[in-house]
Amino acid sequence: MDAISTLWKLDTLESANDYLTSHGSNAPRLQHFIDGSFGRHSEPVEWIEPLNPRSGKLLVQIPSGTVTDVDRAVDAASIAFLTWSKTSRQERSQVLMRISDILSEKKELFAVWESIDQGKTLARARVEVERAISNFRYFATYILHEEGAVRYVDGQPSTLTYEHRSPVGVFGLISPWNMPLYLLTWKIAPCLAFGCTGVAKPSEVTSITAFLLGEVFRQAKLPAGVMNLVFGDGPGTGSALVKSSRVRGVSFTGGTSTGIRIRQDTVADIGKHLSLELGGKNPALVFDDVDLTKAVPLAARAAFENSGQICLCGSRIYVQRAVYGKFLPALVEYTQNHYKLGETMGPVVSREHYLKIRGYLVQAREENAFFHMGDVPNEEPQQGFWIAPTVLSNLPTSSRVMREEIFGPVVTVWPFDTEEEAIALANDNPNGLAGIVMTNDLARMRRVGERIDAGLVWVNSWLVRELGTGFGGMKASGTGREGGVHSRDVFTNLRTLHVSHF
């Protein structure tokens with residue numbers, strides 16, 4: 001029996017884990033989804049073998065997509081674009097709603113495999129699957145209620161000018177491993193809604209729910225070739241996709257170094273649309289007028305949710321000195337009680353990522369940081385990639401631990417005195433993705449929030465999203481925005497028509 005038929009039936013953790021255990025080293029092999037079906041790979045196939053984050057054992061095998069595989073997918077998307085780009089909004093909306101309905105019916109299946117594949121808790125996976133469903137439903141309805149600008153030219157009342165948008169073409173959609181289904185659908189849904197076709201490449205570390213999504217497309221009767229899934233790594237498969245001259249746009253979420261490479265690889269293709277959501281090293285500012293019984297849980301959640309593997313995590317906490325002495329022990333106590341490995345907190349995603357995080361903690365130890373909780377983990381992971389939540393202080397602001405995105409369950413805490421100092425500390429970083437402000441002063445909410453160099457700022461909250469608002473960062477955290485009208489800008493070309501009569 002092929003992998004899709006098998007995995008599609010395993011919708012509990014018990015049944016999925018029993019299946020994986022019974023197969024031992026004979027891991028299921030995923031297949032590309034091209035032109036409406038799961039099919040052949042280019043021969044010979046090189047297999048990538050991601051490991052189970054909880055056990056460190058082989059989980060699945062995914063094909064390393066070749067240039068030939070990418071070309072086949074782009075061929076299919078290019079042919080499908082000729083028809084899909086001309087479909088009515090109502091028709092596209094109905095297809096997206098069918099996709100969301102099937103996802104909703106199978107949401108526990110997707111949550112189970114997202115939890116196993118990425119290491120996140122089942123509760124966290126369920127939240128992200130619900131958000132994936134919302135992505136399709138939001139854009140299915142958004143396109144039915146679009147508005148455009150229509151004006152008469154001043155001084156020439158017989159001339160009408162209006163804006164017309166058309167789909168860009170074939171898109172390359174490349175998503176990361178930390179929220180695999182949610183972030184992939186955040187790209188696929190608007191791509192389809194605005195009449196584009198695509199080739200999606202999920203992370204080679206977490207490809208299972210993308211593989212299952214192909215079956216959703218098939219059952220929803222998405223026309224063949226409109227959305228294709230090609231598996232593989234970034235330097236090989238991803239690079240071939242980005243460089244294809246027939247790919248007219250790229251939406252990428254991932255590391256800053258990869259984003260830079262994408263810009264370099266596409267610099268000569270000046271008309272190719274680029275939307276790059278890159279890394280974050282986000283500040284959380286805690287002012288002395290807050291209720292610590294509310295600020296501490298918020299800071300802990302923003303630091304350690306999904307084991308700190310969210311680009312929006314508040315990993316640099318700055319606390320006003322008057323409450324610093326109370327905040328720090330309260331944060332440690334709360335984290336110890338609420339973020340427990342194997343219960344409310346999973347492992348990190350891979351051995352490579354485990355070793356990366358460990359390297360930062362070794363450096364913190366060498367720089368005489370105070371480990372208020374957590375420690376440097378073993379040099380080699382034991383039975384999975386588990387790293388305990390770690391709270392650090394006494395690090396210089398110039399430390400790599402304070403400045404670079406660790407993307408793990410590690411948070412630094414530092415005191416400040418004045419509002420101006422807090423803003424300066426928050427902005428003293430190459431990244432500018434998100435920020436958190438905790439204060440009860442209404443004027444300060446705006447004063448500080450509007451001066452933080454970040455694309456997203458939360459006040460007394462975190463990870464709250466309205467899907468029409470712009471999502472993206474400043475500085476090294478990327479270029480472009482997605483969400484609502486911002487996604488329309490990514491996936492459509494704008495032309496202005498001036499219409500007169502003789």
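In this predicted model, D289 is partly exposed, with a relative accessible area of 28%. Its salt-bridge partner is R444, with N and O 3.6 Å apart. The two come from distant parts of the chain: D289 sits in the loop between β12 and α11 (292-304), R444 belongs to helix α16 (residues 442-449), and 155 residues separate them. R444 counts as buried, because its relative accessibility is 13% and the cut-off for buried is under 20%.

A second salt bridge brings R451 and E420 together at 2.7 Å, N to O. R451 lies in the loop between α16 and β19 and E420 in helix α15, so parts that are 31 residues apart in sequence are tied together. Both residues are partly exposed, R451 at 39% and E420 at 45%. In a further pair, the closest N and O atoms of R248 and D269 are 2.8 Å apart. Altogether, the count comes to 27 salt bridges, and K120, R124, E128 and E305 are linked in a network of them.

Attention now turns to the sheet. Seven strands form an open, mixed sheet in the order β14-β15-β16-β13-β12-β18-β19. β14 (370-373) and β19 (456-459) stand at the edges with a single partner strand each, so one side of each has no neighbour in the sheet. Within the sheet, β12 (residues 283-286) and β18 (residues 434-438) run parallel and are joined by three bridges; here A284 stands opposite I436.

Key. Residues are numbered from 1 along each chain as its sequence is written. This is a predicted model: local features need pLDDT of at least 70, side-chain atom pairs count only at pLDDT 80 or more; totals for chains, interfaces and linings use all residues. Side-chain values use heavy atoms; hydrogens and water are left out. Two strands pair if DSSP finds at least two bridges between them. Helices (H or I, at least four residues) and strands (E, at least two) are DSSP runs, numbered from the N terminus. A salt bridge is a side-chain nitrogen of Lys or Arg within 4 Å of a carboxyl oxygen of Asp or Glu. Buried means under 20% relative accessible area, exposed over 50%, partly exposed in between (1.4 Å probe, protein chains only).
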